[in-house]
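Dear colleague,

Please find below the structure I wished to pass on to you.

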Amino acid sequence: MATALAYEAAAVRGKEVLFTTAQDLIDSLYAAMADGTVKQKLRSLGKLDLIVIDERGYLPMDDTAGNHLFQLVSNAYERQSLIVTSNRPFEEWGALFPNPSLASATFDRLLHHVSVFTFSGESYVRVSSSGVNFKAGS
């Protein structure tokens, strides 16, 4: 769904779109921090029409990563479209942030004016991987 929406925005409507994993986004912000360009990086991200952050929920964040994600969400709030995908329910997202206050502030901005799509059933990746058997724990 996120891929289709990003494609529609970019290819069909000519919007500026970034599709990235949460970890790649955090890594790029760390790299910008290392070379002193994190403000410029956030400003550049703020110029996009849509940012799709895929796979939020696989890895917890440290303080710096949590702050960077909050800054991105805060800068985008009511100015820019964000799509965030996750394999975890919202109730578990707080554990991924370094502190509850940061999680709460980020969620407040993410969940205001939001449309939430919840899918259940087999993973598309699992179903579309022909000939591969997946078992819990593998």
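The notes that follow begin with the overall fold, turn to one helix and its surroundings, and end with backbone angles.

Please bear in mind throughout that this is a predicted model. The protein contains seven helices and three strands, and their order along the sequence is α-β-α-α-β-α-β-α-α-α. Of its 138 residues, 30% count as buried. Among contacts between residues at least 6 apart in sequence, 75% join residues at least 24 apart.

The buried residues in H2 are Ala-22, Leu-25, Ile-26, Leu-29 and Ala-32. Viewed down the axis of H2, these buried residues fall within an arc of 120°, and they therefore line one face of the helix. This arrangement can be read against the helical repeat: an α-helix has 3.6 residues a turn, so residues three or four places apart point the same way.

What do the buried residues of H2 pack against? Their partners are strand E1 (17-21), helix H3 (38-46), strand E2 (50-54) and helix H4.

The pairing of H2 with H4 (residues 63-76) deserves a separate description. The axes of these two helices come within 10 Å and cross at roughly 100°. Since angles of 65 to 115 degrees count as roughly perpendicular, H2 and H4 are therefore roughly perpendicular to each other. On the H2 side, the contact involves Leu-25, Ile-26, Leu-29, Tyr-30 and Met-33, which meet Thr-64, Ala-65, His-68 and Leu-72 in H4. By class, this contact comprises seven nonpolar residues, two polar residues and no charged residues.

Just after H2, Gly-36 adopts a positive phi of about 75°. Positive phi values also occur in residues other than glycine: phi is near 60° in Glu-78 and near 60° in His-113. Glu-78 lies in the loop between H4 and strand E3 (81-84) and is exposed, with a relative accessible area of 56%. His-113 is found in the loop between helix H6 (100-111) and helix H7 (124-128); this residue is likewise exposed, with a relative accessible area of 61%.

With kind regards

How values were computed. Residues numbered from 1 in each chain as written. Predicted model: local features only at pLDDT ≥ 70, side-chain atom pairs only at ≥ 80, totals over all residues. Heavy atoms only, no water. Axes fitted to C-alpha atoms, helices over the stretch in contact; angles between N-to-C directions. Helix = DSSP H or I, 4+ residues; strand = E, 2+ residues; numbered from the N terminus. Parallel < 35°, antiparallel > 145°, perpendicular 65-115°, else oblique. Contact = heavy atoms within 4.5 Å. Nonpolar A, V, L, I, M, F, W, Y, C, P; charged D, E, K, R; others polar. Buried < 20%, exposed > 50% of the residue type's maximum accessible area, 1.4 Å probe, protein only. Arc of directions from axis to C-beta.
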